[in-house]
Amino acid sequence: MSLMALLLAVVTVLLSLSQTDAAKDYASALGKSILFYDAQRSGKLPSNNPISWRGDSALGDCVVGGWYDAGDHVKFGLPASAAATVLLWSLNRFKDGYQRANQLDQMYDMIKWGLDYFLNSWDPFKKEFVVQVGDGTLDHGFWGRPEDMTMARPCLKVNTSYPGSDIAGGTAAALAAGAIAFKAKGDNDYSNTLLTAAESLYSFAKTYRGLFTGSHGFYDSDDDRDELCEASIWLYRATQNGQYLEDAKTFVDLTLAWDLSWLSKKPSCQLYLFEETQSNQYKTAIQNYFNSWLPGGTVTYTPCGLAWRSKWGSNREAANTAFLALAAAESGIFPDRLRKWAVEQINFILGDNNHDGGCFSYQIGYGTKYPTHPHHRGASCPNKPAPCGFENLHATTPSPQVLVGAIVGGPEADDSYADNREDYVLNEVALDYNAGFQGALAGIVHLQAKNILPATNNKCPCTN
């Protein structure tokens with residue numbers, strides 16, 4: 001190779017890396033995602049509430065606070081705990097990503113809202129745990145602001161007679177991961193409070209096994225072993241008590257996982273156990289998962305390159321596995337392939353697609369083109385004192401409030417997408433939709449901080 005050719009090749013590579021690094025403002029997207037969770041707050045809002053169109057709501061709930069699940073106003077325990085665990089995992093794994101994005105304080109503030117609610121939901125003396133506030137059917141008969149709700153909001157609990165080890169285990173995992181995060185922050189008192197609750201809630205879940213059956217088709221689990229595996233691993237990491245690690249080995253499922261979601265934590269448990277033991281059986285299991293997701297595996301890809309696992313929450317599915325991929329890469333699992341693939345999935349969501357002429361972000365408020373009709377009641381309502389009702393659901397005009405940071409469900413398998421508030425499949429937003437996405441963003445900013453962000457090759461790159 002001539003000297004000129006060599007110089008040209010070097011310049012080309014540098015330009016590619018520079019363009020990749022500058023192509024998306026991942027730090028900005030991360031900060032916006034945190035704001036979405038702030039918009040989902042229930043209860044008495046703090047003085048630093050950053051969402052101007054939100055106010056106090058559901059102050060009569062049996063447990064005040066927490067997050068509304070999606071565009072509705074039920075507080076469902078399983079997706080809330082799943083989202084919190086992923087978010088805290090990202091904080092513990094990619095704390096430097098939050099720091100570089102100047103979002104570390106905002107993240108601690110946001111996630112504490114959910115953790116406080118979990119703490120208040122658990123009574124270790126009565127062995128009683130509130131797992132849901134509100135009824136999905138009653139709730140879906142209302143369209144309006146959470147501040148204006150008047151329907152009954154039943155309090156659903158599990159106890160020694162009516163178990164819910166899936167939600168109890170999942171929440172114990174979040175509490176234990178939170179204990180690690182706040183210990184690292186230097187808040188030892190709060191960390192100890194979280195850890196004490198995590199241990200007693202895990203003991204309750206392990207002793208009184210059985211799936212929660214009260215969500216009436218909204219969030220029905222099919223197993224509790226994945227949640228108990230998550231809880232035992234995070235408790236092991238928080239305490240270094242070897243019994244928790246042994247528990248995790250009994251709960252892990254090494255068969256091929258379909259996805260990482262509120263329903264299935266199977267692949268995360270496989271990765272956790274590989275990280276803690278370096279055993280080939282866990283390594284093989286998680287490698288098999290990624291081989292099924294990477295091109296050439298069993299997952300469908302849209303023409304522009306989104307790994308399309310299902311019609312419902314296609315962006316969520318891809319983003320969750322993108323986060324898992326970035327975490328696995330840190331532990332030596334296919335590092336180059338997984339990092340490149342994960343960044344490309346997030347790039348698709350942030351604009352490397354062909355919708356609306358290209359450069360369309362599926363994160364609301366990012367860029368200049370994004371969804372303006374999310375299936376979200378509060379955002380569809382004008383400022384008070386204007387009324388809000390089902391006519392606002394059916395309105396064809398953009399939502400009066402911008403639900404900054406939310407990820408909508410996403411496109412069909414052919415990349416088609418309609419920004420239609422009444423189409424809740426493609427335009428739903430939810431706690432678990434943003435969790436893996438935000439975690440992946442923290443992981444990508446971490447790669448930027450380490451100067452190892454990979455060059456990408458998205459099929460429909462944004463050129464604006």
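A cavity here is a set of points, on a 1 Å grid over the protein atoms alone, where a 1.4 Å probe fits but cannot get out. Searching the whole structure turns up 5 cavities of 30 Å³ or more, a volume being the space filled by probe spheres set on the points, which are joined across faces, edges and corners. Keep in mind that this is a predicted model, where local features need pLDDT of at least 70, side-chain atom pairs count only at pLDDT 80 or more, and totals for chains, interfaces and linings use all residues. Residues are numbered from 1 along each chain as its sequence is written, and side-chain values use heavy atoms, with hydrogens and water left out.

Let's start with the largest cavity, at about 100 Å³. Its lining residues (those with an atom within 4 Å of a point) include Ala82, Thr85, Glu230, Trp262, Lys265 and Asp432. Helix H3 (77-93) and helix H18 (431-449) are the elements that give two or more residues to this lining, and H3 gives the most, with 4 residues. Helices are DSSP runs of H or I with at least four residues, strands are runs of E with at least two, and both are numbered from the N terminus.

The second largest cavity has a volume of about 60 Å³. Among the residues around it are Trp67, Lys75, Phe76, Tyr117 and Phe118. Strand E1 (75-76), H3 and helix H5 (104-121) each give two or more residues to this lining, with the largest share, 3 residues, coming from H5.

Now for the rings. The structure holds 24 aromatic pairs; rings of Phe, Tyr and Trp (its six-membered ring) pair if their centres lie within 6.5 Å, and planes under 30 degrees apart count as stacked, over 60 as edge-to-face and the rest as tilted. Tryptophan 293 and tryptophan 341 have ring centres 6.4 Å apart and planes at 80 degrees, so they make an edge-to-face pair. Tryptophan 293 belongs to helix H12 (residues 280-293) and tryptophan 341 to helix H14 (residues 335-349), so their pairing ties together parts 48 residues apart in sequence. Are these two buried or exposed? Tryptophan 293 is buried, with a relative accessible area of 1%, and tryptophan 341 is buried at 4%; buried means under 20%, exposed over 50%, and partly exposed in between (1.4 Å probe, protein chains only).

Elsewhere, Trp89, Phe94, Trp234, Tyr272 and Phe323 form one aromatic cluster. The charged end of arginine 237 sits over the ring of tryptophan 234, 5.0 Å from its centre. That label requires NZ of Lys or CZ of Arg within 6 Å of the ring centre and within 35 degrees of the ring normal.

Notes:
On a 1 Å grid over the protein atoms alone, a cavity is a set of points where a 1.4 Å probe fits but cannot get out, and a pocket is an open set with protein on both sides within 12 Å along at least five of seven lines; lining residues have an atom within 4 Å of a point.
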